[in-house]
Amino acid sequence: MTNAQPKPRLTNAAREALTCYLFLLPWGIGFLAFVIGPVAASFVLGFMDYEIVTPARWVGLANYIELFTDDQRFRMSMGNTLYYVLVFVPLHVIVATLLALLLNQKARGIAVYRTLFYVPSIVPIVAGAILWVWILQPEWGLINSTLRLVKIEGPLWLASLTWSKPALILMALWGSGAAMIIVLAGLQGVPQHLYEAAEIDGANRWQRFQHVTLPMLSPTLFFILVLSVIASFQVFTTAYVMTGGGPAESTLFYMLYLYRRAFVLLDMGYAASMAWILFVAVLALTLVQFKLASRWVYYEAEQS
Amino acid sequence: MIRDQAIGPQSEREIHPGARWQPLRRLLERGGIQILLVLGALIFALPFVWMVSTSLKADRQIFAFPPIWVPDPFIWGNFPAVFIYAPMHLYFFNTLVIALAHVFGAVFTCSLAAYAFSRLRAPGRDLIFMVMVSQMMIPYIVMLVPLYLLFAELEWIDTFYPLTIPAMLGTPFYIFMLRQFFLTIPMELEEAAIIDGATRLRIWWTIILPLAKPALATVAIFSFMFAWNDFTGPLIFLNTREKFTLSLGLQAFMFERRTMWGPLMAASTMMIVPILIVFFLAQKHFIQGIALTGIKA
């Protein structure tokens with residue numbers, strides 16, 4: 001037993017630490033090579049003019065100045081994105097909450113309904129997008145055909161300047177199931193005794209919702225609100241597949257414009273500065289939301 | 001206490017003035033909920049029915065008014081027709097290879113890191129953990145342009161490496177989820193093994209991995225679905241058709257044949273069905289996943 005340790009050994013603690021670092025090594029390599037390196041490079045690139053074919057050239061703030069003062073498309077894509085965020089996010093939270101409230105009722109076959117509402121959110125986004133191009137097809141698509149049955153002539157949807165963005169939002173709302181499941185989990189976490197207490201105090205259904213459900217649910221709603229804002233600022237795939245940014249660039253969202261600058265025009269420096277603007281904007285907005293949260297989000301732990 | 005007594009059976013009426021109508025109201029409510037559920041289910045499910053129905057119809061039934069729901073006759077030809085325009089079998093294979101690399105990364109690399117974060121003490125470990133958590137907040141887009149340039153330098157463009165190697169080195173989200181789960185596994189089993197002189201690698205492999213099967217299933221499914229659905233990555237890093245994934249191939253197919261709705265819907269069905277099968281086989285792991293992210297209010 002004792003003669004099994006002839007060589008000067010590492011202490012147990014050192015050995016444990018070494019093992020720890022070793023186990024973290026793969027992630028560490030990936031982090032340095034594919035995350036921190038690129039993030040730093042992207043920051044530097046934002047101050048350069050680099051179009052791959054010509055050598056990179058330091059231009060200081062020129063990209064940022066051009067973006068803010070002299071780029072019509074930048075402003076337009078930002079406007080389109082803001083429209084999308086401002087319309088989609090509230091609807092998304094509301095639809096998810098209403099569906100969750102509905103699923104929280106006792107009814108026959110509730111598990112089947114839960115599955116049905118959830119499944120669209122796991123459909124591969126390209127397959128879903130193609131399906132919705134067909135559903136929204138003005139002449140033979142499901143929506144306009146159905147509307148025609150009741151003598152309503154539907155809009156041109158994806159081919160219409162006014163309806164292209166609402167059409168994409170409609171499709172995105174079809175995938176509200178993921179947020180719905182989260183809200184449902186939040187609802188089921190509301191302690192039953194609070195409802196009982198409220199009922200004894202004579203609170204009617206609406207009052208119970210307003211004074212028990214909503215406050216207890218507010219952390220969950222805050223959570224999906226924050227995630228939804230972050231995700232919708234980066235809306236890309238549906239627009240790329242369904243409209244390509246058209247018609248007349250009415251669905252040219254920020255990410256789509258960035259993609260074009262980077263991978264169609266190969267304007268890498270310009271695209272990098274665009275990425276940083278988006279990152280900083282979304283980060284700032286998220287921080288603002290956290291600041292505002294104290295006004296409406298109820299955290300049990302703080303009160304007790 | 002006193003209040004409890006004041007509210008006896010007699011005062012029931014005061015609280016609910018319409019108590020007499022309670023049974024009727026109940027019934028109406030139940031009915032209303034059921035109607036809303038059915039309505040909602042229709043809205044969410046009809047697109048799928050429409051997709052499958054279109055994929056089984058001949059053109060003259062696809063372009064018909066009023067819309068036809070049940071194909072007459074059923075036409076299977078749209079499914080083989082897809083392969084004339086898009087080599088779906090290749091896309092399937094490519095997507096599967098990439099997805100399996102993601103699963104490998106999630107199950108092995110991530111769990112190894114998660115084990116270190118949850119069990120092994122080392123100076124700076126918690127700081128490293130914080131760094132990893134903040135990594136989750138960096139949007140992919142910020143790294144995209146330099147990543148492209150890096151992969152171009154490595155001559156990885158139009159290979160699977162950009163879509164597999166980073167994933168195989170570990171993803172913070174999965175490491176985080178697994179760590180949360182490992183923290184719930186009692187230490188006693190390991191302690192016995194340590195006394196017996198087992199190495200940490202051995203403990204991870206023989207004790208932790210078997211105990212963590214439900215959590216591993218969850219990250220495996222999440223990573224599989226992510227890779228299966230990913231569009232941006234393949235779009236940017238792949239160029240030749242033989243290397244396309246399902247997402248990219250399907251998009252190209254639609255771009256070229258925008259009016260072939262029968263084959264297009266058949267192709268979409270073929271892409272969605274495997275995901276639905278995974279989902280129905282592993283429903284409980286999805287729910288588990290939501291719990292593991294620590295979302296619960």
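**Close-up views of a two-chain predicted model**

**View 1. Overall dimensions of chain A.** A compact globule of 304 residues would have a radius of gyration near 19 Å, whereas chain A has 26 Å. The model is predicted. Along the principal axes, the C-alpha atoms of chain A fill a box of roughly 80 × 65 × 40 Å. The secondary structure of chain A consists of 14 helices and two strands. Of the 304 residues in chain A, 37% are buried. Among contacts in chain A with a separation of 6 or more, 69% join residues 24 or more positions apart.

View 2. Helix H10 of chain A runs over residues 205-233. A straight helix of 29 residues would span 42 Å at 1.5 Å a residue. The end C-alpha atoms of H10(A) span only 36 Å. A kink of about 50 degrees lies at Ser218(A).

**View 3. Packing around H10(A).** Leu217(A), Thr220(A), Leu221(A) and Phe222(A) are among the buried residues of H10(A). Further along, Ile224(A), Ser228(A), Ser232(A) and Phe233(A) are buried too. Four helices of chain A pack against the buried residues of H10(A): H3 (72-103), H8 (177-188), H12 (254-264) and H13 (268-296).

**View 4. The interface between chains A and B.** Here 71 residues of chain A are in contact with 69 residues of chain B. Helix H1 of chain A, residues 12-45, gives the largest share of the chain A side, with 19 residues. By class, the chain A side holds 57 nonpolar, twelve polar and two charged residues.

**View 5. The two domains of chain B.** Domain 1 of chain B covers 2-75, and domain 2 covers 81-292. Taken over C-alpha atoms, the centres of these two domains of chain B are 37 Å apart. The contact between them takes seven residues from domain 1 of chain B and six residues from domain 2 of chain B.

**View 6. The domain 1 side of the contact in chain B.** Two helices of chain B, H3 (22-55) and H4 (59-62), each give two or more residues to the side of domain 1 that touches domain 2. H3(B) provides the largest share of this side, four residues. By class, this side of domain 1 of chain B has three nonpolar, two polar and two charged residues.

Technical notes
Residues numbered from 1 in each chain as written. Chains lettered and ligands numbered in written order. Predicted model: local features only at pLDDT ≥ 70, side-chain atom pairs only at ≥ 80, totals over all residues. Contact = placed C-beta atoms within 7 Å. Nonpolar A, V, L, I, M, F, W, Y, C, P; charged D, E, K, R; others polar. Domains from an automatic or database assignment. Expected span 1.5 Å × (residues − 1). Bend = angle between axes of the 7 residues up to and from the residue. Buried ≥ 20, exposed ≤ 12 C-beta atoms within 10 Å, placed from the backbone. Rg over C-alpha atoms; globule rule 2.2 N^0.38 Å.
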